[in-house]
Amino acid sequence: MLNGLTEQEVRTLEKEGKTNCLPDQCSQSVGSIIVGNVCTYFNAIFFGLGILVILVGAYRNLLFLPVVIANMVIGIVQQLRAKKVLDSLSLLDVTQYTAIRDGKDCTVDMERLVLGDLIRLSSGQQIPADAEVVSGKISANEALLTGEADEVEKEAGMELMSGSFVVSGSCIAKLTKVGKDSYAAQLTAKAKEVKNKKSEMIRDIEKIILVAGIIIIPVGAALVYGSYVVGGQSLQDSVVSMVGAVVGMIPEGLYLLLTVALTLSAARLARKKVLLHDMKSIETLARVHVLCVDKTGTITSDVMTVTESFLPVDPGLKEKEALELLSRYIYTVPDDNITMNALRAKYAEQGKLSATDVRPFSSKLKYSEIHTEKEIYRLGAPEFLLSEEDLEKNREVIEERTGRGRRVLALTKDGKPALFVSLANEIRETAPATFNYFREQGVKIKVISGDNPLTVSRVAMEAGIENAESYIDAATLETKEDYLKAVKEYTVFGRVKPEQKKELILAIKANGQRVAMTGDGVNDILAMKEADCSIAMGGGSDAARQAAQVVLMDSDFSHMMPIVTEGRRIINNITRSGILFLYKNIFSLLLAVLCIILTYQYPIKPTQISLVSGFNIGFPGFLLAFENNTKRQHGRLLHRTLFGAAPSSVIAFLMVSTLMLVGPSMGFTKDEVSVAGMYILTTVGFTLLWKLIQPLNKYRILVFALCVIGMILSITVFWNIFMHAVVSVRAGWISIGIAAGCALVSWFLTGIVGKLSAKKDMKE
């Protein structure tokens, strides 16, 4: 009898740190969230600028700092709130194992296992640490570690590698290496690079921030040099003008906005029992062209029932004898899956077979097998068990059931059919609405299943999947060309082996399409790893959940709709906000470069830039970032934001730079040029915002109105704080007229460029 470790031994090993806990399993700490929001490159720049402003005594130009501090506080508060929700859900996704301690079975969380623990492993479980088989026999798949898809039989004395998973059978294993010492942990760095690969949107935003971060230091230094050393301006004026330019070039809230949006989306999904193993999966799923699903557990519920049993055309046994054989078979084979559970629920135990060898069900072979001294019995798919002659004889009775969406199993004795069993799954109540949603969103559905293709096709048709009548038997696919052609022509793929699921995913990607894959069993893992986004059912195998990027904890497939909605919301709203941020950044950069070349003082003051940042960009950006916006977008964020912002930026730059050059000859003072420049920047900015919020709705109009009113009140009521300039009535009206003209030109030019950009994106 195996007693395992004692509780005293377990406590000693825990104190010695010999547990299966990995450092990176913990969520982001409170401290790291605070540090991550406070200690950033741009915050250092902002506070450095603040010190310079204080040193030269221009205190009223410090108004940009409250905006920076507000950004930090918002980011910290929102991420802490989301962390609380995510941590509570993560507790529900802890993988547990049965360990033998003090001679008794007990349930232990994966990270609480210790060196030397004896654990029971069965089909569907991932091996949590390096181990050695003590008793029993399993088939293990080590593809995630070795790349080899073949199942490897493991018997007593053989080594098990962490990260591999049990395909069939059961055993007791002793943990030999745990935590960071295990084989899988040593591959963490490489795996982490793949898992944490940044999404397209994050990479594009980081490029924008990187360019801005590189440019601002030399541009700022050159502005001070040109104004103070070459132009002979005072140090205070030179520093203030430089600060105005640099503040205008920093996309201070863009990355924060993305981080908060992703975090809050993850928290919203967590409340729907959707767990994200990485944030980028929200964006990835929103961009997919093809969603691959399994029949069982996705289209249908995970409960299977036996509808009938029937004899073959030329029965070798009487019905009573065949049913008794089936009962003895299902209580001898060790399989523990929904099919076997359905059979055992239907047929009572009538003893067991005197087996000399038992081979559990293999998704690769499509059957299980029992050897006795005289006979060989098998249970599985008729196409893989029967001879061509027997299959042809029974084709009509089999297809009569499969044509109604039933799954048919064959029990054979020495290769001859003894009995057929028909089983059925109910279509999930939410499945038709979910698939209709994806059809409306332009996402194609592919059904990949190990069942009979006709059965799968009928079930898919009942669930409302478009073109579900187009099906193929995967056994006919051999070459890469076959796969490439099949994924273009067919919707339903039946009799698919695990390695074929992977090939189908690769073929879809080879056709230039992004693909997501849902799964709940070990036979789905290889394909899930290749998909752009992988989704596991919470009721599925431990291995599938650990391999997936998204876990539907309550196995409700309808939650796919809010995931896509969240992704589309983030992509669309961050793109819109990105255009607003880049509008100011491009304008400020162009004007700063011109001032450096001409050794002019930057005309717009930091307080004025802060006002534009607040009401033209920051407030509308944040208020609109969480609005429902599920329109499918094409093209990359970097391309769309640059093309969206450039026309308005260039128009505002050309007019402000012209006014800066010719303003003195028109009788404009330096302060009046500054105010006129701010009017132009603001008016063109609001024109761009109005363009971006089309089509209008009540919420968008309200946000726009609040921003305009806020800007007007800030200028009129707090003129001495934000503008602190003396402006004549003549100069004021001329400035307003010029700003209105710029807005009109900006409206038409932005529309033309937007249409050209959209056509280009649609072709990609």
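These legends describe several close-up views of one predicted model.

Residues are numbered from 1 along each chain as its sequence is written.

**View 1. The whole chain.**
The chain holds 29 helices and 21 strands. Both are DSSP runs, numbered from the N terminus: helices are H or I with at least four residues, strands are E with at least two. Of the 764 residues, 55% are buried. Buried means under 20% relative accessible area, exposed means over 50%, and partly exposed lies in between (1.4 Å probe, protein chains only). Among contacts between residues at least 6 apart in sequence, 72% join residues at least 24 apart. A contact means heavy atoms within 4.5 Å. The average pLDDT is 84, and 90% of the residues score at least 70. pLDDT is the predictor's confidence in each residue, from 0 to 100. Over residues 188-196 it stays under 50. That stretch has seven contacts beyond four places in sequence. The structure holds zero disulfides, a disulfide being a pair of cysteine sulfur atoms within 2.5 Å.

**View 2. The eight-stranded open sheet.**
Its strands follow the order S8-S21-S20-S19-S9-S16-S18-S17, with mixed pairing. Strands S8 (274-276) and S17 stand at the edges with a single partner strand each, so one side of each lacks a neighbour in the sheet. Neighbouring strands are turned by 20 degrees against each other on average, direction ignored. Two strands pair if DSSP finds at least two bridges between them. Strands of a sheet pair through backbone hydrogen bonds, either parallel or antiparallel. Strands S20 (residues 533-537) and S21 (residues 550-552) run parallel, joined by three bridges. Here Ala536 stands opposite Val551. Helix H23 (residues 560-598) lies across S8, S9, S19 (515-519), S20 and S21. H23 runs at about 145 degrees to S21. Such angles run from 0 to 180 degrees between N-to-C directions, with axes fitted to C-alpha atoms, for helices over the stretch in contact.

**View 3. Strand S16 and its two partners.**
Four of the five residues of S16 (residues 444-448) are buried, so the strand is largely enclosed by the rest of the structure. Strand S9 (residues 290-293) runs parallel to S16, with four bridges between them. Val293 faces Val447 across this pairing, standing opposite it. Cys292 is buried, at 0% relative accessibility. S16 also pairs with S18 (residues 492-494), in the parallel sense over two bridges. Phe493 in S18 is the bridge partner of Ile448.

**View 4. The six-stranded open sheet.**
The order is S10-S15-S14-S13-S12-S11, and the pairing is antiparallel. S10 and S11 (357-362) are the edge strands, each pairing on one side only. Neighbouring strands are turned by 15 degrees against each other on average, direction ignored. S11 and S12 (residues 367-371) run antiparallel and share four bridges. Val358 stands opposite Ile370. Helix H16 (residues 388-402) packs on the sheet and touches S10, S14 and S15. The direction of H16 makes about 20 degrees with that of S15.

**View 5. The buried face of helix H14.**
Thr339, Met340, Ala342 and Leu343 are buried in H14 (residues 338-346). Seen down the helix axis, the buried residues fall within an arc of 160 degrees, so they line one face. The arc is that of the directions from the axis to the C-beta atoms. Their cover includes S10 (300-310), H13 (319-330), S13 (376-380), S14 (407-413) and S15 (416-427).

**View 6. Backbone features in the loops.**
Most residues other than glycine have a negative phi, and most peptide bonds are trans. Asn467 has a positive phi, near 60 degrees. Its loop lies between H18 (453-462) and S17. Asn467 is partly exposed, at 45% relative accessibility. Arg495 also has a positive phi, of about 55 degrees. This residue sits in the loop between S18 and H20 (498-510). Arg495 is buried, at 6% relative accessibility. A cis peptide bond joins Gln694 and Pro695, with omega about -5 degrees. Pro695 is in the loop between H26 (670-692) and H27 (698-717).

Key:
This is a predicted model: local features need pLDDT of at least 70, side-chain atom pairs count only at pLDDT 80 or more; totals for chains, interfaces and linings use all residues. Side-chain values use heavy atoms; hydrogens and water are left out.
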